[in-house]
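Student: Hi! Could we go through this structure together?
Tutor: Happy to, let's have a look.

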Amino acid sequence: MTKQNVVMADSKSGMNVSITVQVTTPYKILTELEINGSSRINAWLDSMRASSPTHAKSTTSSLTNVISTTTDQRHEQSSLMVRQPSALKMFDQITNASKGKQIVMFLDYDGTLSPIVEDPDRAFMSDEMRRTVRDVARHFPTAIVSGRCRDKVYNFVQLAELYYAGSHGMDIKGPPQSSKKYKKGTNRAVLFQAASEFLPMIDEVYKELVEKTKSTAGAKVENNKFCLSVHFRCVDEKKWSELAQQVRSVLKGYPKLRLTQGRKVLEIRPTIKWDKGMALEFLLESLGFANCTDVFPVYIGDDRTDEDAFKVLRERGQGFGILVSKIPKDTNASYSLQEPSEVKDFLKRLVEWKRLSLRRQFKI
Ligand SMILES: O=P(O)(O)OC[C@H]1O[C@H](O[C@H]2O[C@H](CO)[C@@H](O)[C@H](O)[C@H]2O)[C@H](O)[C@@H](O)[C@@H]1O
């Protein structure tokens, strides 16, 4: 159990109240799975199941029974968690807190700007969402922070004016004229790759994983340049154990790689100390906001890897994180939105609010 402060709107007065709640931590302890050492395959399975919270209890084997019980308990625990207040309902409080500060917008891609779909290659964002993100970027420096390969996420978003941090932040590039509009200080174009020396290893492991998992129907290995994804969304649950064994057997030979988990995906990446949170800090610094008190970063994301960024914001005491989720989770985000359509609504309101305040400021 951990203690966590949450801000909630009091239903009667509409005022914010801050309360401390105890939350369970399955979400956190499962963020990183050991490949070598003492980890057991059922811990992997347990974690894989935790990323599919709606499945029914199975009775096929004692191992499965253990896993099901754990998952059911998690459900009960989840329902005891307090949901983060809706960022839409708390919109006025959020914008009031940002007054006099530069909002910098960080957006995760899958599950945040685009809905989760079975085929990762078809996770398109809507034209309306694209227009909305474009409007956001007209008013605030905006970055896409994704587990995907940077080029791939760029192809989905197709907005040249944004910053892109691909491969969980290990591959960062700014827009061609990044500096002119917002950047304080230097005029250098932003480009940073945190794990270049791992490229040959990642390519090698990609090939091995493709070969090893080809016998498991529905498994898909995605090369995200500095990291890899092994998708199990389309794998029969009875085959998850087999897939976990296959992945584990490949990774055993690569102690410099680690495994984390996202939404029905095992993610393999270098053991370097770099994540979406560090990418956020890097981008703030590149934009000239390193030691500023007048910056208000907002990070919107749906996945475990986004927690690193939420945590950074909490520790900086600047801005806040918004978790995209329909169910309560143990999170470092301060607010929530239920799904990408709510993300779009929130971003639209932000643009409207900014336009209105500019009109007021310049009396137009
Ligand atoms: O950091 P993100 O932008 O959220 O990327 C995380 C992973 O997203 C993608 O996988 C997820 O979305 C797929 C399409 O909706 C879905 O099929 C899959 O089950 C999800 O895990 C992407 O394909 C991965 O490479 C990213 O690591």
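Student: How many aromatic pairs does a search of the whole structure find?
Tutor: Twelve aromatic pairs turn up. Keep in mind that this is a predicted model.

Student: Nice. What is the geometry of the F296 and F320 pair?
Tutor: F296 and F320 are edge-to-face, with 5.4 Å centre to centre and 75° between the planes.

Student: And which strands do F296 and F320 lie in?
Tutor: F296 is in strand β13 (residues 295-301) and F320 is in strand β14 (residues 320-324), so the pair ties together parts that are 24 residues apart in sequence.

Student: Switching to the ligand: how many residues surround the ligand, and which are the closest?
Tutor: The ligand is surrounded by 21 residues, and V117, E222, R233, R263 and E267 are the closest.

Student: What classes make up that shell?
Tutor: The shell around the ligand has nine charged, seven nonpolar and five polar residues.

Student: What distances do V117, Y109 and R148 have to oxygen atoms of the ligand?
Tutor: For V117, a backbone N or O atom lies 2.5 Å from a ligand oxygen. A polar backbone atom of Y109 is 3.4 Å from an oxygen atom of the ligand. With R148 the side chain is involved: one of its N or O atoms is 3.5 Å from a ligand oxygen.

Student: How much of the ligand's accessible area does the protein cover?
Tutor: On its own the ligand has 570 Å² of accessible area, and the protein covers 99% of that.

Student: What about the space taken by the ligand?
Tutor: That space is the largest cavity. The elements giving two or more residues to the shell around the ligand are β10 (228-231) and β12 (265-270).

Methods: Residues are numbered from 1 along each chain as its sequence is written. This is a predicted model: local features need pLDDT of at least 70, side-chain atom pairs count only at pLDDT 80 or more; totals for chains, interfaces and linings use all residues. Side-chain values use heavy atoms; hydrogens and water are left out. A residue is near a molecule or strand if one of its heavy atoms lies within 4 Å of it. A polar contact is a pair of N or O atoms within 3.5 Å; within protein, one must be able to donate a hydrogen and the other to accept it, and residues adjacent in sequence count only if both atoms are side-chain atoms. Accessible areas come from the Shrake-Rupley method with a 1.4 Å probe; for residues, only the protein chains shown count as cover. On a 1 Å grid over the protein atoms alone, a cavity is a set of points where a 1.4 Å probe fits but cannot get out, and a pocket is an open set with protein on both sides within 12 Å along at least five of seven lines; lining residues have an atom within 4 Å of a point. A molecule sits in a cavity or pocket if more than half of its atoms lie within 2 Å of its grid points. Helices (H or I, at least four residues) and strands (E, at least two) are DSSP runs, numbered from the N terminus. Ala, Val, Leu, Ile, Met, Phe, Trp, Tyr, Cys and Pro count as nonpolar, Asp, Glu, Lys and Arg as charged, and the others, Gly among them, as polar. Rings of Phe, Tyr and Trp (its six-membered ring) pair if their centres lie within 6.5 Å; planes under 30 degrees apart count as stacked, over 60 as edge-to-face and the rest as tilted.
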